[in-house]
Amino acid sequence: MRSSFDALRELNDNLRKQLNEVSEENRKMEIQAKRVQARLDNLQRKYEFMTIQRLKGESHAAQEVKSLKQEKVPVSKPFKTALNGQVYELLTIFMDWISDHHLNKVELEEPGVDGEKPSFKPSQRSDIQEKCVKLLPLMTEQLQWMPFVNAKLHEPFVKFIYWSLRQLDAGTQHSAMTSTLRRLGEDIFKGVAIKGTQDNSVEHFVENKPKTAAFFKSSNLSLRFLSTLIVLKTVTQADYLAQAFDSLCLDLKTDEGKTLFLEYQAVPVILRHLRISSKGLLSNVIDSLLQMTVESKSLQPFLEACSNSLFFRTCSVLLRTPKLDLHILEKLSIILQKLSKIKSNKKLFEVFTIHLMLQEIQRTTHPEHAFLCINLNSTLFNLGLTKCNSLVSSTSH
């Protein structure tokens, strides 16, 4: 019995030793498995990176890795397709929220004559602008992915870009942004198409994808309107700008277009082109503003949006132009006549000496230009600078 007991105890010790060895081996195998999994993840990320390079035909490696992390775009895993759509949808909801409640609070580029207090402290304004400067290059890169994203998500994305651009209006111009803004404007104007590639895995696994992402040429009025404003803010080519203003004037013939003009606070965007240096575009610029003066529910809000120092200073500079084209002057006189009906604007007319320039134009204008004379007389009468006469009282502009 003693011998049997010793044998059992020895066997038990051997089994315990074997168990310890197996446990240790199992622990090592688990560590190795984790390392293999990490290596697999790295290889997967490398594959995604190489796929992006093939898709874009460019070598912006570091930028694309950042973009991939930002948007979590799955390239080769079909079971993550649904997640990709949800991520983009979630991001666009956030973009809408930020755009509608934060970014659209844009200060005038110049303080008003009444010394309005800005709604943001300088430090807050600077902080917002810096964030927009960091985001815009990433957003511009992501435009290349829009053909792979459900078309209904394009508008919130473009709206976020627009309001980010508008936040930069009141700040110093960032020279590093020049190439980004140029590329942004061109992509928005031309649209983005799926580029030819040997690898169709991305196209195969992305649902509801359009072949192209049309922005400026979109059939969606709101998306097209936003894109037009972005083109006007970022593009310098005269032919692009001419097409943008033509599109804008057509859209402003509709009530919905006028509503969008007010919603997106487009007056400052138009004013940057209302200058004699844009001589070829000047008529188109005035026409877009003139469309807003047509009798509609948008007329009064539009006139209020123009009742600030930025608008009157721009008009003052334009009126000082020697031998200003008669048709431009007539169109501008219509807008000024309507603005003169707002009593509080009298101070703005005086501060920028527009009333004096109008008096001089009235004195030197030939009587055969009856339309211009009528508008000038009506404007000066509204400002209390002339007595009512039959010519003025007959106007109803």
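Predicted model: local features only at pLDDT ≥ 70, side-chain atom pairs only at ≥ 80, totals over all residues.
**Overall make-up**

The protein chain contains 19 helices and two strands. Of its 397 residues, 45% are buried. When contacts between residues at least 6 apart in sequence are considered, 73% of them join residues at least 24 apart.

**The pair α9 and α12**

Helix α9 spans residues 238–251 and helix α12 spans residues 279–291; their axes come within 9 Å and cross at roughly 20°. Angles under 35 degrees count as roughly parallel, and α9 and α12 are therefore roughly parallel to each other. The crossing in which α9 passes α12 is left-handed.

On the α9 side, the contact is made by A238, L241, A242, F245, D246, L248 and C249. These residues meet L281, N284, V285, D287, S288 and Q291 of α12. By residue class, the contact of α9 with α12 comprises eight nonpolar, three polar and two charged residues.

**Aromatic pairs**

Nine aromatic pairs are present in the structure. A pair of aromatic rings is described by the distance of the centres and the angle of the planes. For F312 and F349, the ring centres are 5.0 Å apart and the planes stand at 80°, so this pair is edge-to-face; planes over 60 degrees apart count as such. F312 belongs to helix α14 (residues 309–319) and F349 to helix α16 (residues 346–351), so the pair ties together parts that are 37 residues apart in sequence. Because its relative accessible area is 0%, F312 is buried. The relative accessible area of F349 is 0%, so F349 is buried. Elsewhere, one aromatic cluster is formed by Y162, W163 and Y264.

**Glutamate 256**

E256 is located in helix α10, which covers residues 255–263. Its relative accessible area is 49%, so E256 is partly exposed; partly exposed residues are those between the 20% limit for buried and the 50% limit for exposed. E256 and S222 lie 34 residues apart along the chain, and their C-alpha atoms are separated by 8.8 Å.

| Residue | Relative accessible area | Class |
|---|---|---|
| F312 | 0% | buried |
| F349 | 0% | buried |
| E256 | 49% | partly exposed |

How values were computed. Residues numbered from 1 in each chain as written. Heavy atoms only, no water. Axes fitted to C-alpha atoms, helices over the stretch in contact; angles between N-to-C directions. Helix = DSSP H or I, 4+ residues; strand = E, 2+ residues; numbered from the N terminus. Parallel < 35°, antiparallel > 145°, perpendicular 65-115°, else oblique. Left-handed = near helix turned anticlockwise from the far one by under 90°. Contact = heavy atoms within 4.5 Å. Nonpolar A, V, L, I, M, F, W, Y, C, P; charged D, E, K, R; others polar. Phe/Tyr/Trp six-rings, centres within 6.5 Å; stacked < 30°, edge-to-face > 60°. Buried < 20%, exposed > 50% of the residue type's maximum accessible area, 1.4 Å probe, protein only.
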